[in-house]
Amino acid sequence: MMNTRSVRRTAPTHDHPALHAILERHAGRPGPLLPILHDIQDQLGYIPDAVVPQIARAIQRSRAEIHGVLRFYPHFRSQPPARIRVEICRAESCQACGGDALQAHAQAVIAGLPEDQASLAPVYCLGLCSQSPALMINGQPHARVTAERFDALLQAALEA
Ligand code: FES
């Protein structure tokens, strides 16, 4: 019969070479958890559950602490991202300039696509307030976005 300890020891790990390099790069630095999580997400596109025990060991924190940080910050993804990531600004200036209608339009359009093709998430100010409403598609900012312009941008991203 297998006990809990042996299950833990044989739990899957994520042996991506980038993970080892990231953990080594931050070894011994103060407050390394958030920089490590950002680097992993930048490299892998998300933070797989399987890397949490390795991070915990490397920085001598509990897995629960790391899961807590991951849950606290919506920026961190635990699943691979969709091919096209749309982030619409939901802050005041953009809301006052048609952001709600743009959000509703984008939501309806993206809901009609296969789940792995596009995702929609809020962001809070992209520094483009004077050109609201603004959004990002795969990290690329766009300003003064109308529903028609959104459709064109999304179509271009789908065809890229
Ligand atoms: S409020 Fe949307 S970019 Fe600043």
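Predicted model: local features only at pLDDT ≥ 70, side-chain atom pairs only at ≥ 80, totals over all residues.
Contact here requires C-beta atoms, placed from the backbone, to lie within 7 Å.

Residue numbers start from 1 along each chain as its sequence is written.

**Stop 1: the helix 4 and helix 5 pair**

Now show residues 52–59 and 63–72 as cartoons; they are helix 4 and helix 5. Helices (H or I, at least four residues) and strands (E, at least two) are DSSP runs, numbered from the N terminus. The axes of the two helices come within 9 Å and cross at roughly 115°. Each axis is a line fitted to C-alpha atoms, for helices over the stretch in contact, and angles run from 0 to 180 degrees between N-to-C directions. Helix 4 passes helix 5 in a right-handed crossing, a term for the near helix being turned clockwise from the far one by less than a right angle, with anticlockwise being left-handed.

Next, click on Q60, in the loop between these helices. Q60 is not a glycine, yet has a positive phi of about 55°.

**Stop 2: the whole chain**

Zoom out. The chain has seven helices and four strands, running α-α-α-α-α-β-α-β-β-β-α from the N terminus. Colour 17–72 as domain 1 and 84–159 as domain 2; such bounds come from an automatic or database domain assignment. The C-alpha centres of the two domains lie 30 Å apart.

How far does the C-alpha trace span along its principal axes? About 60 × 35 × 25 Å. The radius of gyration is 19 Å, while a compact globule of 160 residues would have one near 15 Å. That radius is taken over C-alpha atoms, and the globule rule is 2.2 Å times the number of residues to the power 0.38.

**Stop 3**

Select the four strands, which form an open sheet in the order 2-1-3-4 with mixed pairing. Strands count as paired if DSSP finds at least two bridges between them. At the edges are strand 2 (118–123) and strand 4 (140–142), each pairing on one side only. Neighbouring strands are turned by 25° against each other on average, direction ignored.

Strand 1 (residues 84–89) and strand 3 (residues 135–137) run antiparallel and are joined by three bridges. Pick V86 and look across to strand 3 for its bridge partner, I137.

Then visit P133, in the loop between strand 2 and strand 3. The peptide bond from S132 to P133 is cis, with omega near -5°.

**Stop 4: helices 6 and 7**

Which residues of helix 6 and helix 7 meet? L102, H105, A106 and V109 in helix 6 meet A147, F150, D151 and L154 in helix 7. This contact has six nonpolar, one polar and one charged residues. Helix 6 and helix 7 pack at an angle of about 35°, with their axes 10 Å apart, and helix 6 passes helix 7 in a right-handed crossing.

Terms used: Contact = placed C-beta atoms within 7 Å. Nonpolar A, V, L, I, M, F, W, Y, C, P; charged D, E, K, R; others polar.
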